[in-house]
Amino acid sequence: MQTLKIAIQKSGRLNEKSVALLKNCGLSFENYKSSLISPVSNFPLEILFLRDDDIPEYVQDGIADLGIVGENVINETEVDVAYLQRLGFGKCSLKIAIPNDSNIQSLGDLDGKAIATSYPVILKKFLKENKLKADIRTISGSVEISPGLGMSDAICDLVSTGGTLKSNGLRAFADVLSSEAVLIGRKGDENNPVIEELIQRVQSVLRARDTKYVVLNIERKNLETAVSLLPGIKSPTVVPLAEEGWVAVHTVIPEQDFWEKISGLKAAGAEGIVVMPIEKIIL
Ligand code: ATP
Ligand code: ZN
């Protein structure tokens with residue numbers, strides 16, 4: 001089988017989670033900070049460690065077959081690649097922010113103003129869509145200090161918690177783009193068996209990450225109420241306990257309505273509820 005290459009960030013916000021995702025997919029490789037390339041010993045894949053900015057072009061140009069990178073970088077580099085899977089980490093938004101004491105009140109007030117950003121392509125598109133003419137000042141880092149230095153009236157930068165904005169006397173003003181890490185490939189390559197296998201493994205890890213395995217004990221007379229609350233993969237597993245009239249219920253619960261389900265189950269008489277993480281769910 002042909003060996004493919006996947007490009008991931010060498011160091012930075014996406015590195016650790018990208019490595020963890022690939023390891024959870026069962027890929028065995030060394031994660032030396034010094035190496036540019038690492039072979040996978042049990043799957044036809046090599047890992048390339050790169051700066052995130054280079055990943056979309058490497059994939060588009062065929063130097064790498066796959067990549068894990070933020071949508072913000074993909075949009076900024078304007079490459080033509082296939083989105084294979086959203087990965088649910090590296091979530092952030094590109095926002096326009098203004099100084100707390102700014103007199104900018106509506107989007108229209110940005111007309112004629114100077115906006116500092118490391119994302120000139122995305123910002124230009126946003127301004128055009130909103131029929132605004134602002135002066136884009138492209139800078140490569142520390143964008144948040146530019147209004148304080150008198151270099152710009154606003155900034156357009158990535159925000160996750162907003163802490164950096166706050167400590168620089170800025171506040172979010174408009175959303176330009178929301179972003180998360182995605183698995184990308186070349187268009188037309190989707191049916192490659194190695195890529196198909198990797199996507200399936202990634203999906204099984206993502207499914208498991210959003211789900212918990214739950215075991216609980218309940219009196220048989222309350223079983224119906226409990227089961228009506230539970231999805232399971234097909235349906236919950238029910239096994240009798242040694243104590244007469246009691247059963248154990250095994251099931252999986254999606255993370256997002258976990259606490260709501262647990263309180264419903266407790267109200268229905270569930271006891272000894274044990275919750276476990278799930279490694280993989282293969283459908
Ligand atoms: P590199 O050295 O690879 O060029 P970088 O400094 O450009 O790294 P990081 O700061 O490590 O990039 O961020 C990588 C990606 O993480 C971003 O492109 C974005 O998709 C995502 N991200 C998530 N939250 C944030 C945030 N608060 N600020 C910046 N990026 C974030
Ligand atoms: Zn970068």
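## Salt bridges across the chain

Lys212 and Glu255 join their side chains in a salt bridge, with N and O 3.0 Å apart. Lys212 sits in strand 12 (residues 211-219), while Glu255 belongs to the loop between strand 14 (246-254) and helix 8 (258-267). The pair therefore ties together parts that are 43 residues apart in sequence. Glu255 is partly exposed, at 36% relative accessibility. The model is predicted.

Asp80 and Lys187 form another salt bridge. Their closest N and O atoms are 2.5 Å apart. This pair links distant parts of the chain, 107 residues apart. Asp80 is in the loop between helix 3 (71-77) and strand 5. Lys187 is in the loop between strand 11 and helix 6. Asp80 counts as partly exposed, at 48% relative accessibility. Lys187 counts as exposed, at 52%.

Arg201 is partly exposed, with a relative accessible area of 24%. Glu197 is partly exposed as well, at 33%.

The whole structure has 14 salt bridges. Asp65, Arg186 and Asp189 are linked in a network of such bridges.

## The nonpolar core

In soluble globular proteins, nonpolar side chains tend to be buried together. Here the largest nonpolar core has 30 residues. Ile6, Leu27, Leu45, Ile68 and Leu87 have the most contacts inside this core.

Among the elements that give two or more residues are strand 1 (4-9), strand 3 (45-50), strand 4 (66-70), strand 5 (82-86) and strand 11 (181-185). Helix 1 (15-24) and helix 6 (193-209) also give two or more. Helix 6 gives the most, with seven residues.

## A nonpolar patch on the surface

Ile145, Leu149 and Met151 make a nonpolar surface patch of about 280 Å². Leu149 lies in the loop between strand 8 (135-138) and strand 9 (154-159). Leu149 is exposed, because its relative accessible area of 57% is over the 50% cut-off.

Asp53 is partly exposed, with a relative accessible area of 35%.

Technical notes. Residues numbered from 1 in each chain as written. Chains lettered and ligands numbered in written order. Predicted model: local features only at pLDDT ≥ 70, side-chain atom pairs only at ≥ 80, totals over all residues. Heavy atoms only, no water. Patch = residues over 30% accessible without salt bridge, like charges linked within 9 Å, V, L, I, M, F, W, Y side chains within 5 Å. Areas by Shrake-Rupley, 256 points an atom, 1.4 Å probe, with all protein chains shown as cover. Salt bridge = Lys/Arg side-chain N within 4 Å of Asp/Glu carboxyl O. Helix = DSSP H or I, 4+ residues; strand = E, 2+ residues; numbered from the N terminus. Buried < 20%, exposed > 50% of the residue type's maximum accessible area, 1.4 Å probe, protein only. Core = buried A, V, L, I, M, F, W, Y, C linked by side-chain atoms within 4.5 Å.
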